[in-house]
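Dear colleague,

Please find below the structure that I am handing over to you. My notes on the strands and on the aromatic rings follow it.

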Amino acid sequence: MKYKILVFLIVATGLNSCSNTTVPPPPPPVSVNTYKVKPGSAFFYNSYPATITAVNQVDVRPQVAGYITGIFFTEGQEVKKGQKLYQIDQQQYKGAYEQAVAQLNVSEANLAKLQQDADRYVELGKQDAIAQQTVDHALADLQAGKKQVESAKANVLAVEVNLQYSSINAPLSGTIGISQVKVGAAVTPGNTILNTISSNNPIAADVALDETLIPFIENENKKEQKQKSDSTFTLMLADQSKYPYPGKIYIIDRAVDPQTATIIVRLLFDNPGNILKVGMSANLRILNNSKSESLLIPYRACVEQMAEYFVYVVNDDTVAQRKVFLGQRIRDMVIVKSGLNENEDIVVDGVQKLKDGTKVKAADLHQAGTDSLNHQAADPLKKKTS
C-alpha cells in the first residue's frame with residue numbers, strides 16, 4: 001500500500017510539472033529600413049584605358065654624313081617649322097659646291113665657243129666655202145656642249161642639296177625632345193636619329209573599344225560633325241583628376257582586331273597648357289546617357305553570395321530573399337536588369353539580421369538622394385575632395 005501511494009505522488013507531481021510548461025513567445029519583428037523600387041534615368045560613364053599619342057610625330061635624321069658642329073635649340077621646348085636645329089660640318093659640301101659651279105662655268109664658256117664655231121661654219125656652208133662634213137661636226141660638237149652644260153647644272157643642284165642638308169631644320173612645329181647626339185658626334189644618313197618632334201596641340205588619345213560599341217561610336221562621329229564637341233568623351237588622368245577639355249572622335253581604325261575583338265579609336269583633345277604628354281596613360285570615360293529609364297536601387301541593399309546578388313523583398317511584414325541581376329553601379333546606386341518590379345519594397349538597412357521568412361517592422365527610406373541622381377551624370381572615377 002505504501003508503494004502505491006508513492007507511485008501516485010510521483011505521477012501527480014509529473015503531471016503538475018507538465019501542466020506548468022509554457023511555449024516561448026515568437027521573436028519580435030526586426031526593425032529595418034525599406035526602399036520602394038522606382039525607375040529613373042541612368043547617367044553613368046564607362047571607362048577604358050587610353051594612351052596619349054601625338055597627332056604628328058617625326059624622327060629628325062641626317063641626310064648627309066659628317067660631324068655635328070652646332071645645336072641651336074633648347075631640349076624639351078617648342079620649335080617652329082623651318083627652325084634650324086643642327087649643323088653638320090659644311091667644309092666638304094661647300095668645296096664640292098664651288099667645284100661644281102666652276103665646272104658649270106667652264107661648260108658654259110665652252111658652249112659659247114662651240115655656238116660661235118657652229119654659226120660660222122653654217123654660214124660658210126651656205127656659201128659652199130667649207131665641206132658639209134665640217135659643218136655637221138660643228139653642229140654635233142654644239143649639241144654635245146649643250147649636254148655638258150645640262151650635266152654640270154644637274155651636278156650643281158645635287159651638291160647644293162647636300163650643302164642645304166648639312167643644315168637640319170624642324171620639319172614641323174611641336175615639342176622637341178632630348179638630343180641623341182652632342183656637338184662633335186659623327187652622323188650618317190639612315191642610321192642616326194638626332195631627335196624627335198611631336199605636335200602637342202591638339203593631342204590624341206588612342207583607346208581599344210569592344211566591337212559592340214562600333215555603332216555607338218559611328219553615331220557619335222556623325223553627331224560631332226554637325227555640332228560642337230560635348231562631354232561624351234572625357235579623360236581621367238593618372239592622379240584621378242579630370243582633364244578639363246572634352247574630346248572628339250578623330251580616326252576610327254579600318255578593321256577590328258580578330259584576336260581581341262576590339263577596334264582602335266583615336267580621339268582629339270585640346271591641349272593649350274601642354275598638360276597631356278605623349279606616352280601618358282589615362283582613362284577615357286564615355287558617357288552612357290540612356291534615354292530609357294532603368295530600375296535603380298541602393299547598392300547596400302544587395303547581398304552577395306557566391307558571386308550572385310540577392311535582395312530581401314518585403315511582403316505583408318515578411319521578407320523573402322530574391323535573386324537579382326545587376327548592371328552598372330552609379331555612385332551608391334545600382335541598375336537592376338532583372339529580378340525586381342516597380343513599386344516593390346526591399347530592405348536597405350538591417351539585411352545582415354535577416355533570413356528568408358523573417359518578420360520585419362519596416363520604415364520607408366527617404367529617397368531625396370535618388371531624385372537628384374536622375375539629373376546628374378554619375379562619375380565613379382571622380383576624385384573626392386571632401
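**Strand pairing and aromatic contacts**

Thr-175 of the structure shown above has Ser-198 in S10 as its opposite residue. Please note that this is a predicted model.

The strands concerned are S8 (residues 174-176) and S10 (residues 195-198), which pair in the antiparallel sense over two bridges. Both belong to an open sheet of four strands, ordered S3-S10-S8-S5 with antiparallel pairing. Strand S3 (57-60) and strand S5 (78-79) stand at the edges of this sheet; each has a single partner strand, so one side of each is left without a neighbour there.

A further open sheet of four strands has the order S7-S6-S4-S9, again with antiparallel pairing. Here the edges are taken by strand S7 (167-169) and strand S9 (186-187), and because each has a single partner strand, one side of each is without a neighbour in the sheet. Strand S4 (residues 66-71) and strand S6 (residues 84-88) are joined in the antiparallel sense by three bridges. Within this pairing, Gly-70 has Gln-87 in S6 as its bridge partner.

I turn next to strand S14. Of the eight residues in this strand (residues 262-269), six are buried, so S14 is largely enclosed by the rest of the structure. Strand S11 (residues 203-210) pairs with S14 in the antiparallel sense over eight bridges, and Leu-209 stands opposite Ile-263 in S14. Strand S13 (residues 247-252) is also an antiparallel partner of S14, over five bridges; in S14, Leu-268 is the residue opposite Lys-248.

With ring centres required to lie within 6.5 Å, the count comes to three aromatic pairs. How are the rings of Tyr-243 and Phe-269 placed relative to each other? Their centres are 6.3 Å apart and their planes stand at 75°, so the pair is edge-to-face, as planes over 60 degrees apart are assigned to that class. Together with Tyr-245, they form one aromatic cluster.

With kind regards

Notes:
Residues are numbered from 1 along each chain as its sequence is written. This is a predicted model: local features need pLDDT of at least 70, side-chain atom pairs count only at pLDDT 80 or more; totals for chains, interfaces and linings use all residues. Side-chain values use heavy atoms; hydrogens and water are left out. Two strands pair if DSSP finds at least two bridges between them. Buried means under 20% relative accessible area, exposed over 50%, partly exposed in between (1.4 Å probe, protein chains only). Rings of Phe, Tyr and Trp (its six-membered ring) pair if their centres lie within 6.5 Å; planes under 30 degrees apart count as stacked, over 60 as edge-to-face and the rest as tilted.
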